[in-house]
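Reader: I would like to learn how to read a model like this one. Please take me through it feature by feature.

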Amino acid sequence: MQGTVYKSTGSWYSVKTELGVFYKCRIKGKFRIQGIKSTNPIAVGDKVQFHLEEIGDETVGVISQIEERKNYIIRKSVNLSKQTHIIAANLDQVFLLVTLNNPTTYTSFIDRFLVTSEAYDIPVVLLFNKVDVYDSDEMVEVDYLKQLYNEIGYPCIQIVAKEGRNIDEVKELMRGKTSMFSGHSGVGKSTLINALEPGLELKTADISEQHLQGQHTTTFAEMYDLSFDARIIDTPGIKGFGIVDMEKDEIGDYFPEFFKLKSECKFNNCLHLDEPKCAIKRALEENKISWSRYRSYVQMVTGEEENYRMDIYKV
């Protein structure tokens with residue numbers, strides 16, 4: 001039988017067949033996929049082959065094969081274990097929710113997410129949430145970030161998930177597609193999904209006043225079929241986003257504004273650090289490239305995996 005993974009709890013998977021029937025499935029024995037050493041060999045969105053077995057009074061599915069993925073989002077935990085985790089697979093697009101505070105989303109996090117998405121050819125839309133609570137200075141910052149990422153080629157939408165503001169614009173982008181929502185805990189992913197599809201009634205939580213951070217309400221990634229011909233994958237909040245399996249000389253290719261200028265560098269293997277006659281450094285000095293983007297790039301190339309979230313800059 002063939003189906004799509006709708007939920008993963010680590011040991012059990014909820015798989016939906018083409019006929020719309022859900023089966024509780026597990027993996028038989030060790031399961032390795034194309035040499036990817038991940039904490040989860042199977043991710044939400046995966047297409048799998050499985051057969052049914054009777055275990056006691058229960059009928060369960062046993063997954064025997066995973067079909068080739070169109071793409072996937074993978075991250076490395078920013079801790080000592082360096083384990084990788086596939087967040088979701090076979091995506092048409094990703095919506096990354098961004099908040100200036102409560103919690104703060106730093107540009108270093110946004111850029112790492114965008115680089116990974118570029119590497120696996122997944123379009124990203126940036127959603128600036130909670131714009132109803134920002135003061136005039138903070139709105140200037142939002143406008144700056146919107147202009148910055150719009151000019152690079154990333155669509156940006158200001159929303160207020162709690163009030164449903166600009167939700168129709170998001171909904172139109174989702175029709176006929178499988179989308180993933182991502183971002184830190186507390187940025188409003190579950191609130192936004194509830195605004196898009198009130199009947200789901202996903203659990204939400206208030207921001208922790210002690211640390212001004214979100215509290216996890218989504219424990220495992222899960223896909224939902226929505227009433228307007230769309231599928232959404234809700235994911236647990238992400239604290240850090242370490243990039244995976246990228247060589248230093250390819251990271252710049254996933255910064256679209258760098259890639260456009262790459263051929264103008266004197267050296268073909270230019271890392272845009274200290275090399276002479278570097279087109280990216282020249283564009284940086286001429287304010288044609290954002291300093292925050294370049295700072296993110298340098299952190300990735302020099303391997304500052306542990307400290308990038310301590311970056312004091314938001315823009």
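Reader: Which backbone oxygen does the side chain of Lys130 reach?

Author: First, a caution: this is a predicted model. The side chain of Lys130 reaches the backbone oxygen of Asn102, at 2.9 Å. Lys130 itself sits in the loop between strand S9 (124-128) and helix H2 (136-152). Its C-alpha lies 9.8 Å from that of Arg165, although 35 residues separate Lys130 and Arg165 in sequence.

Reader: Is the peptide bond from Asn102 to Pro103 cis or trans?

Author: Start with the general idea. Most peptide bonds are trans, and most residues other than glycine have a negative phi. The bond from Asn102 to Pro103 is cis, with omega near 0°. Pro103 belongs to the loop between strand S8 (93-98) and H1. Asn102 is also the residue whose backbone oxygen Lys130 reaches.

Reader: You mentioned phi. What is phi near in Asp229?

Author: Asp229 has a phi near 60°, a positive value in a residue other than glycine. Asp229 is in the loop between S12 and strand S13 (230-234). With a relative accessible area of 52%, Asp229 is exposed.

Reader: And His272: buried or exposed?

Author: His272 counts as buried, at 5% relative accessibility. Phi of His272 is near 60°, again positive in a residue other than glycine. The loop that holds His272 runs between helix H6 (256-259) and helix H7 (279-285).

Reader: Let us step back. How many helices and strands does the protein chain have?

Author: Eight helices and 13 strands. Of the 315 residues in the chain, 52% are buried. Now take contacts with a sequence separation of 6 or more. Residues 24 or more positions apart account for 65% of them.

Reader: Now helix packing. At what angle do the axes of H1 and H8 cross?

Author: The general idea comes first. Two packed helices are described by the angle between their axes and the distance between the axes. Helix H1 (residues 107-119) and helix H8 (residues 291-302) cross at roughly 65°, and their axes come within 9 Å. That angle makes H1 roughly perpendicular to H8. The crossing is right-handed.

Reader: Which residues make the contact of H1 with H8?

Author: H1 supplies Thr107, Ser108, Asp111, Arg112, Leu114 and Val115. H8 supplies Ser292, Arg293, Ser296, Gln299 and Met300. By class, this contact has three nonpolar, five polar and three charged residues.

Reader: How far apart are the axes of H3 and H4?

Author: Their axes are 10 Å apart. Helix H3 (residues 167-174) packs on helix H4 (residues 189-196) at an angle of about 80°. H3 is therefore roughly perpendicular to H4. On the H3 side, Ile167, Lys171 and Met174 make the contact; on the H4 side, Leu192, Ala195 and Leu196 do. The classes here are five nonpolar, no polar and one charged.

Reader: What lies beyond H4? Where is Leu200?

Author: Leu200 is in the loop between H4 and strand S12 (222-226). At 25% relative accessibility, Leu200 counts as partly exposed. Leaving out residues up to four places away in sequence, Leu200 touches Ile193, Asn194, Tyr224 and Leu226.

Reader: Next, a strand residue. Why does Gln158 count as buried?

Author: The cut-off decides: buried means under 20% relative accessible area. Gln158 has 17%, so Gln158 is buried. Gln158 lies in strand S10 (residues 156-158). Its side chain makes a polar contact with the side chain of Asp143, at 3.3 Å. Beyond four places in sequence, the residues in contact with Gln158 include Phe128, Val131, Met139, Lys146 and Arg165.

Reader: Compare a residue in another strand. Which residues does Ser14 touch?

Author: Ser14 touches Thr4, Val5, Tyr6, Lys7, Phe22 and Tyr23, not counting residues up to four places away in sequence. Ser14 is in strand S2 (residues 13-17). Its relative accessible area is 25%, and Ser14 is partly exposed. Ser14 and Val44 are 30 residues apart along the chain, and their C-alpha atoms are separated by 9.0 Å.

Technical notes: Residues numbered from 1 in each chain as written. Predicted model: local features only at pLDDT ≥ 70, side-chain atom pairs only at ≥ 80, totals over all residues. Heavy atoms only, no water. Axes fitted to C-alpha atoms, helices over the stretch in contact; angles between N-to-C directions. Helix = DSSP H or I, 4+ residues; strand = E, 2+ residues; numbered from the N terminus. Parallel < 35°, antiparallel > 145°, perpendicular 65-115°, else oblique. Left-handed = near helix turned anticlockwise from the far one by under 90°. Contact = heavy atoms within 4.5 Å. Nonpolar A, V, L, I, M, F, W, Y, C, P; charged D, E, K, R; others polar. Buried < 20%, exposed > 50% of the residue type's maximum accessible area, 1.4 Å probe, protein only. Polar contact = N/O pair within 3.5 Å; in protein donor to acceptor, adjacent residues only side chain to side chain.
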